[in-house]
Amino acid sequence: MTNPSTAPAGPSSPVLHGESFREVFRRHAAGVSIITATYDGVPYGFTATSVASLSADPPRFSFNMARTSSSWPAVANTNFVGVHMLSTENEGLANRFARTQDRFTGDHWEPGPEGVPILKDVAGWLVGRISMRLSFENNAVVVAEVVAGNIGPDGAPLLYHGGSYGTPTATDYVI
């Protein structure tokens, strides 16, 4: 039997499951962002690598999340969410929102448009009105139309790849 992790890629390759599936996505670098929302006056947030620009006119973004997340009740029951694009200067924030429950203690945020928590000193942020939640099994895709935003300090983008944070490097192309 062929080992799926060493089999040549192609139409006849076996389907990847479990750890092999996760390993494929560990090899895909993704931008790191933080999603925030307020529910019943309480701020919520989590680190995400699934944020995408959905359309420019009107401006919309989407993200995926687990419905088992402690932030799901806020996202499921509010009308507005924030997305914060992170630079390498924000790695501490990324860790805080990914690994701790103490996400909003301190002066690294403030209430923003529509009551959405806005993180300070990030590369940029957007607040969006949720226009769709598509739930399936334990996951959800959320789509929001932008109602406010701001550009922050310029810096190298924070990426997640292979289980750790990094930043892109320039590649020289030989012609």
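Rings of Phe, Tyr and Trp (its six-membered ring) pair if their centres lie within 6.5 Å; planes under 30 degrees apart count as stacked, over 60 as edge-to-face and the rest as tilted. The model is predicted, so local features need pLDDT of at least 70 and side-chain atom pairs count only at pLDDT 80 or more, while totals for chains, interfaces and linings use all residues. Residues are numbered from 1 along each chain as its sequence is written, and side-chain values use heavy atoms, with hydrogens and water left out.

**View 1. The whole protein.** The protein has 3 helices and 12 strands; helices (H or I, at least four residues) and strands (E, at least two) are DSSP runs, numbered from the N terminus. Of its 175 residues, 30% are buried, where buried means under 20% relative accessible area, exposed over 50% and partly exposed in between (1.4 Å probe, protein chains only). Among contacts (heavy atoms within 4.5 Å) between residues at least 6 apart in sequence, 63% join residues at least 24 apart.

**View 2. Aromatic pairs.** The whole structure contains 4 aromatic pairs. One of them joins Phe46 and Phe63 and is tilted, with 6.2 Å from centre to centre and 55 degrees between the planes. This pair links distant parts of the chain: Phe46 belongs to strand S3 (residues 42–48) and Phe63 to strand S5 (residues 59–66), 17 residues apart. Phe46 is buried at 10% relative accessibility, and Phe63 is buried at 0%. The pair of Phe97 and Phe104 is edge-to-face, because the ring centres are 5.2 Å apart and the planes stand at 90 degrees. Both of these residues are buried, Phe97 with a relative accessible area of 1% and Phe104 with 14%. Ring pairs link Phe97, Phe104 and Trp109 into a cluster.

**View 3. The sheet of S1, S11 and S12.** These 3 strands form an open sheet in the order S1-S11-S12, with antiparallel pairing. Strand S1 (30–31) and strand S12 (164–166) are at the edges; each has a single partner strand, so one side of each lacks a neighbour in the sheet. Two strands pair if DSSP finds at least two bridges between them, and S1 pairs with strand S11 (residues 159–161) over 2 bridges. Gly31 stands opposite Leu159 in S11.

**View 4. Surroundings of Ser87.** Ser87 is in the loop between strand S6 (80–85) and helix H3 (91–99). With 4% relative accessibility, Ser87 counts as buried. Not counting residues up to four places away in sequence, Ser87 touches Ala123, Gly155, Ala156, Pro157 and Leu158.

**View 5. Surroundings of Asp121.** The loop between strand S8 (117–119) and strand S9 (124–136) holds Asp121. Asp121 is exposed, with a relative accessible area of 61%. Leaving aside neighbours within four places in sequence, Asp121 is in contact with Asn90 and Pro153. The C-alpha atoms of Asp121 and Gly152 are separated by 6.1 Å, although the two residues are 31 residues apart along the chain.
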